[in-house]
Amino acid sequence: MYLKSIEVYGFKSFANKIIFEFHDGITGIVGPNGSGKSNVADAVRWVLGEQSAKQLRGAKMEDVIFSGTETRKPLGYAYVSLTINNEDHKLPIEYDEVTVARRVYRSGESEYLLNGNSCRLKDMQELFLDTGIGKEGYSIIGQGQIEKILSGKPEDRRELFDEAAGIVKFKKRRAAAHHN
Ligand code: ATP
Ligand code: MG
């Protein structure tokens, strides 16, 4: 399983539709201050279900929508999609290629899409459980996170190991069973 591409439209500084394609090896994103490097990481976290505007360095969710510049009008919605190669079926779904997407309008109306079909946030989260991907997964290491892991509470560290060990889904199912 690997990230093949990211498509962004109307998300933060990306007013034009942009497709980032990834190939074998390591990809670095470089550019001057304020050019949108961190916005790429924000886009990935957002499509994976980030609900906190603050985590996305905004005040409210609407702040992820391109707000315009001197020469360009604001846009009405933000859209991000990730296309993942799933030939090894690490994602528990029959497709060899999986595209997950999220769209949000200024009205607050929003939707998640899985291979073009509307789905719930919960479906999205369950798809990525135990893969290390996901807004809490260790596939995205934010600034200050290493520090948190090293100096954090054992319970917090435990969550990371549970995810790596692939037992989060069992814990969630057990918790859900206790609620019923
Ligand atoms: P640095 O090297 O300083 O970390 P960076 O390349 O990571 O910079 P980002 O933080 O990704 O830069 O991008 C910040 C830019 O994104 C700012 O210029 C900001 O105005 C722009 N931006 C953020 N949200 C929006 C929005 N909703 N609409 C338009 N532009 C936005
Ligand atoms: Mg940055």
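Domain bounds here come from an automatic or database domain assignment. On that basis the chain splits into domain 1 (2-130) and domain 2 (141-180), with 23 Å between their centres, taken over C-alpha atoms.

This is a predicted model, in which local features need pLDDT of at least 70, side-chain atom pairs count only at pLDDT 80 or more, and totals for chains, interfaces and linings use all residues. Residues are numbered from 1 along each chain as its sequence is written, while chains are lettered from A and ligands numbered from 1 in the order in which they are written. The chain averages a pLDDT (the predictor's confidence in each residue, from 0 to 100) of 91, and 99% of the residues score at least 70. For the complex, the predictor gives an ipTM of 0.98 and a pTM of 0.88.

As for overall dimensions, the C-alpha trace spans about 55 × 40 × 40 Å along its principal axes. Buried residues (20 or more other C-beta atoms within 10 Å of their own, with C-beta atoms placed from the backbone) make up 18% of the 180 residues.

Turning to the ligand, 14 residues surround ligand 1 (C-beta atom, placed from the backbone, within 6 Å of it), and the closest are Asn33, Lys37, Ser38, Asn39 and Ser67.

Glycine 166 follows α4, with a positive phi near 80°.

Conventions. Helix = DSSP H or I, 4+ residues; strand = E, 2+ residues; numbered from the N terminus. Buried ≥ 20, exposed ≤ 12 C-beta atoms within 10 Å, placed from the backbone.
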